[in-house]
Amino acid sequence: MARVFENLIGKTVLITGASSGLGEQIAYEASKAGARVILCARRVEKLVEIAEKCEDYSKLEAYFFAIDVANFEDVESKLQALAQENLTIDVLVNCAGFGLFEPFLETNFSDTQRMFSVNVLGLIYITQKIGIQMAENGQGHIINVASQAGKMATPKSSIYAATKFAVIGFSNSLRLEMKPLGVSVTTVNPGPIKTPFFDLADPSGSYLKNVGKLALDPQKLARRIVKSMGTTKREINAPFIMEFGSKAYQLFPYTGDLLAQTIFNKK
């Protein structure tokens, strides 16, 4: 597989949604691989703890910024502050996002706006700002965390699925535009992950219980993602059974609808 750089030693990785779950684990694994990390999330107290652990792993200074990716003025000011540190961002990991699992007809429109602001518009905004820098440097890697929900929607996830369909479409086009500029784009499409994501998405806790062994270990997935850094890998999909289901959905849409309503309908 072609590479845009050989390894992460001395490279700088910026991660949004880094205060918990998959983003936190990516920060640890990138630090273990020798990267300097820039941690972005809203909960600064958690970022302080994670940054200290990352520094222990990498022996490099870790940076952290309290950022709400849906607040574009906030993102702009924090990126300007970051520019003062004269750091070249080699890898951008867009991991910030949230979902709410509920029937569409019962979904509050303010929740819909917030999901699109965080999952789509915030991701696009920060990607353009950092993508310009990468293009100027002639090197970089953008990793967008989407979801299997962006390939095969299931009941009670219409808005969340719509945001992830958008991320996949955006990433596919961006990949083609950035390739001639020396920047690779990878889309990560996980199924359910054992993280605090579901504290908000499904407060009842029934979804993770119902999916059972399908739920992914965030540390193992983070290792796969970090291993891909610097490569031209197109997608990371997990678990296999859900990726198989999404392929069936594309090839055999009626069968796909049946799978989405039965086997993969755990909400």
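Modeller: Glu29 is buried, at 9% relative accessible area. Buried means under 20%, exposed over 50%, and partly exposed in between, with a 1.4 Å probe and protein chains only. This is a predicted model: local features need pLDDT of at least 70, side-chain atom pairs count only at pLDDT 80 or more, and totals for chains, interfaces and linings use all residues. Residues are numbered from 1 along each chain as its sequence is written, and side-chain values use heavy atoms, leaving out hydrogens and water.

Biologist: Which residue forms a salt bridge with Glu29, and how far apart are the closest N and O atoms?
Modeller: Arg223, with those atoms 3.8 Å apart. The pair links distant parts of the chain, 194 residues apart: Glu29 sits in helix α1 (residues 21-32) and Arg223 in helix α8 (residues 218-228). A salt bridge here is a side-chain nitrogen of Lys or Arg within 4 Å of a carboxyl oxygen of Asp or Glu. Helices are DSSP runs of H or I with at least four residues, strands are E runs of at least two, and both are numbered from the N terminus.

Biologist: Is Arg223 buried or partly exposed?
Modeller: Partly exposed, at 43% relative accessibility.

Biologist: How many salt bridges in the whole structure?
Modeller: The search finds 7. One of them joins Lys151 and Glu235, with the closest N and O atoms 2.9 Å apart. Lys151 lies in the loop between β5 and α5, while Glu235 is in strand β7, 84 residues away. Both Lys151 and Glu235 are buried.

Biologist: What about Lys78 and Asp74?
Modeller: Their side chains meet in a salt bridge at 3.0 Å, N to O. They are 4 residues apart in helix α3, so about one helical turn separates them. Lys78 is partly exposed at 22%; Asp74 counts as buried at 17%.

Biologist: Switching to backbone. Where is the cis peptide bond?
Modeller: From Ala238 to Pro239, with omega near -10°. Pro239 is in the loop between β7 (235-238) and α9 (240-251).

Biologist: And what is phi at Asn86?
Modeller: About 55°, positive although Asn86 is not a glycine. Asn86 sits in the loop between α3 (72-83) and β4 (91-94). Asn86 is exposed, at 68% relative accessible area.

Biologist: What is phi at Lys156?
Modeller: Near 70°, also a positive value in a residue other than glycine. Lys156 is in the loop between β5 (140-145) and α5 (158-178), and is partly exposed at 39%.

Biologist: Last one. How many helices and strands does the chain have?
Modeller: 10 helices and 7 strands. Of the 267 residues, 52% are buried.
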